[in-house]
Amino acid sequence: MINNSGKINFTIDANDKSSLARATHFQTEHGEIKTPIFMPVGTNGVVKTLTPAELKQANSQIILGNTYHLYLRPGMEIIKKAGGLHKFSSWDRPILTDSGGFQVFSLAHLSQITDEEVVFQSHIDGSKHKLSPQKSMEIQNSLGSDIVMAFDECTPYPCDYKKAREAMKRTHHWEKLSKQHFEKMESAYGHNQFLFGIIQGSVYDELRKESAEYLSKLNFDGYAIGGLAVGEPKKRMFEILENVVPLLPESRPHYLMGVGKPEDIVRAIERGIDMFDCVIPTRNARNGLLYTWKGRIKIKQAQYKDDLTAVDPDCTCYTCQNFSRAYLRHLYKKNEITGLRLNTLHNINFFIELTQQARQALLTDKFDEFRNNFYANYPIEDDHWKQNIKKRKQRRKKHLRENETN
Ligand SMILES: [Zn+2]
């Protein structure tokens with residue numbers, strides 16, 4: 001079966017009257033995607049600490065896999081031998097894989113970048129590799145994901161106008177090549193894949209506009225907005241969404257890559273975004289930060305020592321149904337692995353529940369009530385974007401150090 005992009009069977013189930021929020025659905029061969037949706041991140045073919053059964057228990061409909069990481073470790077040979085990433089990781093619901101672009105530009109040691117390809121050294125062992133639009137399509141074909149992302153160049157923040165424009169132009173060239181190559185490939189495991197394009201252009205409105213208009217003409221199955229949530233002020237991110245989303249084809253899913261906190265997700269839904277992914281719920285769970293409808297709690301704090309209530313009394317997850325804050329605090333303080341698992345299960349459940357409640361509200365014409373209720377109870381964090389740039393750099397260094405010693 002040859003891949004045939006631009007043929008997604010996409011339905012808008014409901015539109016909000018007072019914002020661009022909408023509920024939609026589309027069918028993949030591994031299951032239906034109902035939006036708004038939060039997609040947990042499974043970088044290495046696993047959502048850290050959770051099994052597929054637990055992910056299903058948390059109502060996870062689709063997960064992400066990272067092309068760059070999976071290509072380097074364990075490598076494509078074993079994944080192909082297993083029959084693709086679904087079989088290798090025993091996850092039978094939909095998978096979205098990224099293009100590898102984001103990690104190549106943020107993690108690897110780049111040695112050369114041309115209009116044809118990127119030559120880079122692995123951040124793990126220094127080995128030399130090449131990634132190109134064609135190669136990215138081939139890797140994602142071997143992974144067998146349901147949603148494939150076109151190969152793009154994600155610029156960091158800050159990025160001057162000239163560089164942002166160059167990267168956007170290159171991205172457009174690469175995405176066109178991605179689509180041409182994608183449409184020539186046979187499906188590796190007999191199921192159809194969809195191809196999404198990625199809008200770039202950093203924080204420059206005219207570049208974002210140009211990118212949205214150019215890519216819309218290429219007829220992708222869906223449209224992602226990349227290169228945001230990379231350190232720019234939050235206010236700017238929402239302004240860009242307000243300018244870009246109305247330019248995207250209405251009859252395609254809109255995906256905001258790498259976002260975000262609960263309040264960012266609600267605000268982006270209002271601006272017409274359907275799909276989200278972020279490491280926040282999983283990473284923060286491992287740091288003892290748990291999400292509730294009244295904001296985040298730090299489970300290590302002394303105030304939870306004698307607290308026998310659930311993390312969130314309204315939450316239906318396995319963690320909240322069976323364990324108390326005091327117990328989770330105890331596990332966290334003692335570095336018990338089960339604590340990390342229970343925390344992750346709760347946070348994933350919370351993020352998915354958030355998007356499902358938004359969907360339910362849209363379907364019943366109560367989105368206004370939903371968001372007013374959310375904002376009334378959920379304290380919005382200050383945007384410490386300047387400090388976040390520093391934190392981002394430290395995290396990257398830590399990540400590189402850890403991988404290099406493994
Ligand atoms: Zn819970």
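Student: How many helices and strands are in the protein chain?

Tutor: This is a predicted model. The protein chain holds 16 helices and 16 strands.

Student: What radius of gyration would a compact globule with 406 residues have, and what does the protein chain have?

Tutor: The chain length sets what to expect: for 406 residues a compact globule would come near 22 Å. The protein chain has 20 Å, so it agrees with that figure. Its C-alpha trace spans about 60 × 50 × 45 Å along the principal axes, and 49% of the 406 residues count as buried.

Student: Which domains does the domain assignment give?

Tutor: Domain 1 covers 10-278 + 384-405, and domain 2 covers 285-376. Their centres, taken over C-alpha atoms, are separated by 26 Å. The contact takes 26 residues from domain 1 and 22 residues from domain 2.

Student: Which element gives the most to the side of domain 1 that touches domain 2?

Tutor: H10 does, with five residues. By class, this side of domain 1 has 13 nonpolar, six polar and seven charged residues.

Student: How many residues has the largest nonpolar core, and which have the most contacts inside it?

Tutor: The largest nonpolar core has 109 residues, and Met39, Phe196, Ala224, Leu256 and Phe276 have the most contacts inside it. Helix H14 (residues 337-363) gives the most to this core, with 11 residues.

Student: Why does this core lie between domain 1 and domain 2?

Tutor: Because both domains give residues to the core, it lies between them.

Student: What does methionine 39 touch?

Tutor: Leaving out residues up to four places away in sequence, methionine 39 touches Ile62, Ile63, Leu64, Leu96, Met275, Phe276 and Asp277.

Notes
Residues numbered from 1 in each chain as written. Predicted model: local features only at pLDDT ≥ 70, side-chain atom pairs only at ≥ 80, totals over all residues. Core = buried A, V, L, I, M, F, W, Y, C linked by C-beta atoms within 7 Å. Buried ≥ 20, exposed ≤ 12 C-beta atoms within 10 Å, placed from the backbone. Helix = DSSP H or I, 4+ residues; strand = E, 2+ residues; numbered from the N terminus. Domains from an automatic or database assignment. Contact = placed C-beta atoms within 7 Å. Rg over C-alpha atoms; globule rule 2.2 N^0.38 Å. Nonpolar A, V, L, I, M, F, W, Y, C, P; charged D, E, K, R; others polar.
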